[in-house]
Amino acid sequence: MKAAAFDYIRADSVEHALALLAQHGADAKLVAGGQSLVPMMAMRLARPALLVDINRLSELKRMSSNPDSVSMGAAVRQREVEDADQLATQLPLVRKALSWVGHVQTRNRGTVGGSVVHADPSAELALAALLLGATMRLKSQADGERQVAARDFFLGPMMTATAETECLFAIDWPVWTGSRLACAFEETAIRHGDFALASAACQIQLDARGTVSRASFGLGGVSGTPLEFPALAKQLVGQILTPALAQEVAQTAARECDPGSDMHASAPFRRHLAAVLLSRVLQQAAVQAAR
């Protein structure tokens with residue numbers, strides 16, 4: 001199929017893009033990498049009357065860091081983040097998540113903000129944003145800038161707290177500091193690069209005794225939004241993360257999922273897969289952090 005007819009305007013500034021969104025509302029869509037929106041347009045699952053191209057806006061391509069946080073403009077390329085050596089220690093979970101996003105060719109064009117705001121339930125970067133407690137900075141012509149925590153940003157499949165006249169301007173990622181820190185990310189798909197049947201991610205930190213001092217973990221592809229389990233993570237604090245404990249926590253988390261069934265996998269299989277993957281990443285991270 002081909003996309004339905006649409007108008008196209010290349011924005012020459014963020015203010016220009018915001019003015020176009022204010023003028024056209026729901027009829028307009030922003031496009032940068034186009035790796036999610038364009039295929040949906042080709043299948044006519046999305047039919048914007050106007051595409052606003054923000055691909056060349058330097059304001060959206062800035063990336064900066066300090067010891068406590070990393071700020072990424074919404075149009076920063078996924079491959080740029082993947083190749084940034086300084087992020088290997090600051091945002092290791094984001095780096096690991098990116099290796100599962102599509103293929104190298106799509107990551108060359110795809111943007112961090114585009115993946116997050118698209119809000120596919122199986123999106124790897126959305127899960128990482130949730131687990132790390134990222135903050136989304138949104139801008140509109142009428143109301144200026146506002147900030148939305150990741151836990152409040154993802155509302156449902158392909159649904160976020162972004163208003164029709166708002167643009168995701170940047171994402172602020174908190175940095176975990178200290179030693180004995182590790183993370184892991186795993187997913188299962190029909191083929192590598194396809195949408196995940198289920199995914200699991202975690203980041204943990206151990207104290208000098210080898211017990212968990214901080215933990216965050218979650219699942220993707222098994223609900224309408226990525227899932228985190230802060231209550232279960234809190235229960236790990238002060239404990240040694242043994243394989244038996246990892247399996248127990250993973251099984252408990254999987255029971256809280258509400259996966260759907262389709263031609264690729266049934267709901268019970270996705271729930272089973274979620275438990276297996278979550279147990280695996282918890283154990284991987286525990287071993288790495290203890291080294």
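Is E145 buried, partly exposed or exposed? I found E145 partly exposed, with a relative accessible area of 38%; buried means under 20%, exposed over 50% and partly exposed in between, with a 1.4 Å probe and protein chains only.

A note on the source: this is a predicted model, where local features need pLDDT of at least 70, side-chain atom pairs count only at pLDDT 80 or more, and totals for chains, interfaces and linings use all residues. Residues are numbered from 1 along each chain as its sequence is written, and side-chain values use heavy atoms, leaving out hydrogens and water.

**Salt bridges.** I looked up the total and got 9 salt bridges (a side-chain nitrogen of Lys or Arg within 4 Å of a carboxyl oxygen of Asp or Glu). E145 pairs with R137 at 3.9 Å, N to O, and R137 is buried at 17%. R209 bridges to D207, with the closest N and O atoms 3.2 Å apart; R209 is exposed at 66%, whereas D207 is buried at 19%.

**Helix α3.** D83 and R79 meet in a salt bridge of 3.7 Å, N to O. They sit 4 residues apart in helix α3 (residues 78–83), so about one helical turn separates them. Helices are DSSP runs of H or I with at least four residues, strands are runs of E with at least two, and both are numbered from the N terminus. I also noted a salt-bridge network linking R79, E82, D83 and R107.

**Strand β12.** Q203 lies in this strand, residues 198–206, and is buried at 3%.
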